[in-house]
Amino acid sequence: MSALLESYAAGRWFRAAGDGEPLLDAATGEEVARLSSHGLDVAAMVGHARQIGGPALRALTFHERAALLKALAKHLMARKDELYALSVRTGATSRDTMVDVDGGIGTLFSYASKGVRELPNDTVVLDGGLERLGKGGTFVGQHLYASRPGVAVQINAFNFPVWGMLEKLAPAFLAGLPTIVKPASQTAYLTELAVRQIIESGILPEGTLQLLAGSATGLLDALTIQDSVAFTGSAHTAGILRRHPNVLDGGVVLGVEADSLNCSILGPDVQPGDPEFDLFIKGVVTEMTVKAGQKCTAIRRVLVPEPMAEPVIEALSARLAKVTVGDPRNPDVRMGALASLGQRDEVAKAVEALRASAEIVFGDPQNRTLLDGDPERGAFMNPLLLHARPGATEPHDVEPFGPVSTVITYDGLDSAITLAARGKGSLAASLITHDPEVARTIVLGLAPWHGRVLVLDRDDAKESTGHGSPLPVLVHGGPGRAGGGEELGGIRGVLHHMQRTAVQASPDLLTAVTGRWTTGSKRLTTDVHPFRKSLADLRIGDTISSATRTVTLDDIEHFAEFTGDTFYAHTDPEAAARNPLFGGIVAHGYLVVSLAAGLFVDPPPGPVLANFGVDGLRFLTPVKAGDTIRVALTVKQITPRSNADYGEVRWDAVVTNQNDDPVATYDVLTLVAKTWPQPEEQR
């Protein structure tokens, strides 16, 4: 008898009493492990996450959390061979495992990078600009995101036991939420190995990741407001979760990614021999065979113009005939087994339902000819292609979660859009076309019904990641039948876990709350020029109030000649006088910004190492010859960089004229040494 999988709960590994349920090798039918959570205190897991994991995680800044994700990604990458060796027992080929394991690790790396580049080195995120709520500027508002004191529960599907966990863990971890993972039974042994690798590394703070190996009975009962559940699986199970009292009335947030009848559309402009035709055929076959078609984003419906049905079926059949099926341990096998015999039975039932309005044009449900493997003990199924009859309904209602697709014909762009929408909401769609008008019409028609749309042609094919690959930087989810949930999408996936709150206060108190200088707050002016201060010495609100400078006509003419910017408003008095906005010669906006820099810069070497950008530059009042300008430069935000001897300082710049009218506003971005003078070895 195989060993029982263990749960990681409340700081220790827990093994249930009893024999548990056997988990079988998808290709051989041999027992891999046993599964049970009998006797597990799931309420204690939730309490541990809430009382130990959450506070430890929320004490870290976004940058510190991101650094831990990066370290974790490196750790798993170094040990991924162990995951590959076990993954084969799920029926996965090496290509399938790369999607699952490397894809999951890559998601960690992506969120680690975005956490540093796009989030502050703080624990709150500002959303949008400052809202002035009173005439005097003493009452202002700001939206911000704060971490919830809750728990993120993930209930995952069997098809991606590693990626499914990591793609949910990364954004929740960055958001400050501890995670409890409940993997699907069939492939839970692979998730358990990954979690074991993570826990043994000691990288994540205790309580921020727990594993529930077995039944989740009682888990939702322990959740309350501030907690969330991310579910990937069937619409039937999603319906049960939606009806749980704590979801209906208890404030628990439920995100669902469910069944999805994704489609790929061949544009009417594409003909056999075109590069797009070959891309279409290759894409459909790839989505039918990777993970044996067990992908929530796989292509189930193949929409083609009616005259193209025969050429498409012939080309798909020819390519599918080359797909070798069998035990994934054989390197010559291109498609492995489904996750279990029960899963194969479910797909067979779906195929029978589809045959009510479609005929099989490639493959035989009874034919289990294999390159390698036992067709009785292994959960093998050869690819099947169907062709729907006119008016067919089943292909738009029945999802065969395996290597099965149905060709459906359309008549015109509106027909293609209508057929795609009959899926009632999908995770992904793809359109293969080289026609800009076709692309715009169909994409805008598909968008309300799909979470992601790939437009593929000869120009982007080389770099395309394909129809079925969710990317950490793009949203993953879909409306309607697809569940209505949304994951990933870069920092969107982080903010999804946080609470957005509108804060109303005085500028000074809002600065204290947000850690970022607010317009109207006190400015701190001292005898020491802020450019002489290191990161350790700078304070929010430190300000340079510059001397003045009069802009002359010679300045304007010289700038025009030197830069080549001889736009008439700067060089032609008569034409400039007719301009209704200027009424005469005006200074270049970039001349004003350059002169402002000359007013606030402190030239000698010092802790300010570089200027690396300007954000939000706006020119508000024209500057004419004879006008006098000055600048106020205020420390707005200080962000130390980890693993570097410097950090970022964002300065609020306001250039005004002799009437105190704002001429230009912008943020100056600089890199400033953490200490100054720098140690000898850093010079």
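1. Let's start with the open sheet: three strands make it up in the order 5-6-21, with antiparallel pairing. Here two strands pair if DSSP finds at least two bridges between them, and strands (E, at least two residues) and helices (H or I, at least four residues) are DSSP runs numbered from the N terminus. Strand 5 (125–132) and strand 21 (499–505) are the edge strands, each pairing on one side only. On average, neighbouring strands of this sheet are turned by 20° against each other, direction ignored.

2. A word on the numbers before going on. This is a predicted model, in which local features need pLDDT of at least 70 and side-chain atom pairs count only at pLDDT 80 or more, while totals for chains, interfaces and linings use all residues. Residues are numbered from 1 along each chain as its sequence is written, and side-chain values use heavy atoms, with hydrogens and water left out.

3. Back in the sheet, strand 6 (residues 140–146) and strand 21 pair in the antiparallel sense over seven bridges. Val140 stands opposite Ala505 in strand 21. Helix 15 (residues 507–514) packs on the sheet and touches strand 5, strand 6 and strand 21; contact means heavy atoms within 4.5 Å. The direction of helix 15 makes about 10° with that of strand 6. Axes are lines fitted to C-alpha atoms, for helices over the stretch in contact, and angles run from 0 to 180 degrees between N-to-C directions.

4. Next, a helix pair worth a look: the axes of helix 2 (residues 62–78) and helix 5 come within 8 Å and cross at roughly 155°. That makes helix 2 roughly antiparallel to helix 5 (angles under 35 degrees count as roughly parallel, over 145 as roughly antiparallel, 65 to 115 as roughly perpendicular and the rest as oblique). Residues making this contact include Leu69 and Leu72 of helix 2 and Leu166 and Ala170 of helix 5. By class, the contact has twelve nonpolar, no polar and one charged residues. Ala, Val, Leu, Ile, Met, Phe, Trp, Tyr, Cys and Pro count as nonpolar, Asp, Glu, Lys and Arg as charged, and the others, Gly among them, as polar.

5. Ala170 is buried, with a relative accessible area of 0%; buried means under 20%, exposed over 50% and partly exposed in between, with a 1.4 Å probe and protein chains only. Ala170 touches Leu69, Thr107, Leu108 and Tyr111, not counting residues up to four places away in sequence. Ala170 and Leu69 are 101 residues apart in sequence and 7.1 Å apart in space, C-alpha to C-alpha.

6. For another helix pair, see helix 3 (residues 80–87) and helix 4 (residues 94–118), whose axes come within 10 Å and cross at roughly 140°. Helix 3 and helix 4 are therefore oblique to each other. Their contact includes Leu83 and Tyr84 of helix 3 and Met98 and Val101 of helix 4. The residues of this contact divide into five nonpolar, three polar and two charged.

7. Strand 7 (residues 152–155) and strand 8 run parallel and are joined by four bridges, with Gln154 opposite Val181 in strand 8. From strand 8 (residues 179–182), Thr179 and Val181 point one way and Ile180 and Lys182 the other way, and all are buried.

8. Finally, the whole chain: it has 19 helices and 27 strands. Buried residues make up 53% of its 683 residues.
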